[in-house]
Amino acid sequence: MGNQLDRITHLNYSELPTGDPSGLEKDELRVGVAYFFSDEEEEVDDRTPSDCGFTKDHSQTEEEGPFSVSEVEYSAFCSQECIFSKLRENEDLNVYSAKTLLTMCKPGDLLELVGTAQAPHWLIYAHDDQVIHLHKGGEIRKDSLLEVSGGRRGRIVNNRYRFRPLPPDLVMQNAVGHVGLRSEEICWTNSESFAAWCRFGKREFKAGGEAHSAEQQYFLKVHLSGSGVHTLVFRSLEDMIRERRRVDASGILKELSLVNGSKD
C-alpha cells in the first residue's frame, strides 16, 4: 500500500519519520461514539469580516489586527499522547488580515484561514504572497494569499499538530512537487490533510495511508462552552480530521445533542 500511494502522489523521495508527539493532557479519556460524514473542501468565499463572525480589537488599525472569532475548541490524542491542540487557554487563537499575515510568514509555514460555519482552509506559505494549497476543485495550486483569502482572516498554525516538523526545504519540496496535480492523482481529501502532510511528512494524513488496528485509536475531545467536553473515537487520523472539519462547517451544538457521546 505504501509503495502504491507513493506512485499515486508522484513522490520521488522517502517520507521522513517524525518523532513521537509530546502529551499535553494525561487525564483519563472516556470514549464516545465515532460517526463519519463525507467532507468536501469549501472554497474561500468573499464575505466581509463581520459576516464571518469576527470582532475587532479597536485599539488596532483595520489592517493590523488582531481579530478574534468564535470557534469550537479541540484537543486530540492517539492513545494517551496529545497530537493536536486548539485551545484558547493554551495558545493565541487570534487571526489577522491576509495583508498582515504576509508580514509574519516564512517559507514552509502552515497557515489556516478561518470563518464562522466554514471548514478552515489550510495552506503552505511559499514566498512573497504565494501559497500552495488543495483547492476546492481538487487541484493543488499555487496562488496569491491576498486573492485566495477572500473575506477570511488567518493565522500561522505550525504548532497545532504536535508532530516534529520537517525542515523548511523539505516542506517546500513536498508542496511544490505536487502543484498542478488533481484529485484523481492525489490521496488527500481536504486542504488540511494536504498542508499538514507537507509540513510533517506523515502517511497518516493521506487517505488510506494508515493501517487500521484495534490497538491504535484516535480520540477527539470537543470543548464546548457550558456543556463540558465531548469525546469521540476514530480509527484513523484521516477520519478524525474529516469529522472535525464537518463539525466546524455545519455547527456542532445542535448536532452533538443528538449524539450518544460521552461528556468529561
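Predicted model: local features only at pLDDT ≥ 70, side-chain atom pairs only at ≥ 80, totals over all residues.
Colleague: What makes R246 and E243 a salt bridge?

Modeller: Their side chains meet with N and O 2.8 Å apart. The limit is 4 Å between a side-chain nitrogen of Lys or Arg and a carboxyl oxygen of Asp or Glu, so this pair qualifies. R246 counts as buried too, at 10% relative accessibility.

Colleague: And why are R246 and E243 separated by about one helical turn?

Modeller: Because R246 and E243 are three residues apart in helix α6, which covers residues 237-250.

Colleague: Which residues do salt bridges with shared partners join into one network?

Modeller: That network is made of E71, E73, K86, R88, E91, E112, R155 and R160. In total, the structure holds 13 salt bridges.

Colleague: Let's take one pair from there. How do you know that K86 and E71 form a salt bridge?

Modeller: The N to O distance between their side chains is 2.8 Å, and the cut-off is 4 Å, so the pair counts as a salt bridge.

Colleague: What does the pair of K86 and E71 tie together?

Modeller: K86 lies in strand β4 (residues 81-86) and E71 in the loop between β2 (67-69) and β3 (73-78), so the bridge ties together parts that are 15 residues apart in sequence.

Colleague: Are K86 and E71 buried or exposed?

Modeller: K86 has 3% relative accessibility and E71 has 18%. The limit for buried is under 20%, so both count as buried.

Colleague: Now the rings. Why is the pair of Y161 and F200 given the name it has?

Modeller: Their planes stand 65° apart. Angles over 60 degrees count as edge-to-face, so that is the name for this pair. The ring centres are 6.1 Å apart, and the limit for pairing is 6.5 Å.

Colleague: Why does the pair of Y161 and F200 tie parts of the chain together?

Modeller: Y161 sits in the loop between β9 (153-156) and α4 (168-176), while F200 belongs to helix α5, so the pair ties together parts 39 residues apart in sequence. Y161 is buried at 2% relative accessible area, and F200 is buried at 0%.

Colleague: What kind of pair do W188 and W197 make?

Modeller: A tilted one, with 45° between the planes and 4.9 Å from centre to centre. Stacked needs under 30 degrees and edge-to-face over 60, so an angle of 45° falls under tilted. W188 is buried at 5% and W197 at 0%.

Colleague: How many aromatic pairs does the structure hold, and which residues do ring pairs link into a cluster?

Modeller: There are ten aromatic pairs. The cluster consists of F84, W122, Y161, F163, F200 and F205.

Colleague: How do you know that R153 lies over the face of F67?

Modeller: R153 is 4.0 Å from the ring centre of F67, and R244 is over the face of Y74 at 5.8 Å. The distance limit is 6 Å, so both pass that part of the test.

Colleague: What is the largest nonpolar core made of?

Modeller: It has 40 residues, and those with the most contacts inside it are I83, I124, Y161, F205, L237 and M240. Helix α5 (residues 191-200) supplies its largest share, six residues. A second, separate core has eleven residues, including A98, L123, V131 and V148.

Colleague: Which residues does L237 touch, leaving aside its neighbours within four places in sequence?

Modeller: L237 is in contact with I83, Y161, F163, E204, F205, E210 and Y218.

Colleague: Last one: where does F234 lie, and why is it called buried?

Modeller: F234 lies in strand β11 (residues 228-234). Its relative accessible area is 1%, and the limit is under 20%, so F234 is buried. F234 and C78 are 156 residues apart in sequence and 9.6 Å apart in space, C-alpha to C-alpha.

Colleague: And what about the whole protein: how many helices and strands does it have?

Modeller: It has seven helices and twelve strands. Of its 264 residues, 53% count as buried.

Terms used. Residues numbered from 1 in each chain as written. Heavy atoms only, no water. Core = buried A, V, L, I, M, F, W, Y, C linked by side-chain atoms within 4.5 Å. Buried < 20%, exposed > 50% of the residue type's maximum accessible area, 1.4 Å probe, protein only. Helix = DSSP H or I, 4+ residues; strand = E, 2+ residues; numbered from the N terminus. Contact = heavy atoms within 4.5 Å. Phe/Tyr/Trp six-rings, centres within 6.5 Å; stacked < 30°, edge-to-face > 60°. Lys NZ or Arg CZ within 6 Å of the ring centre and 35° of its normal.
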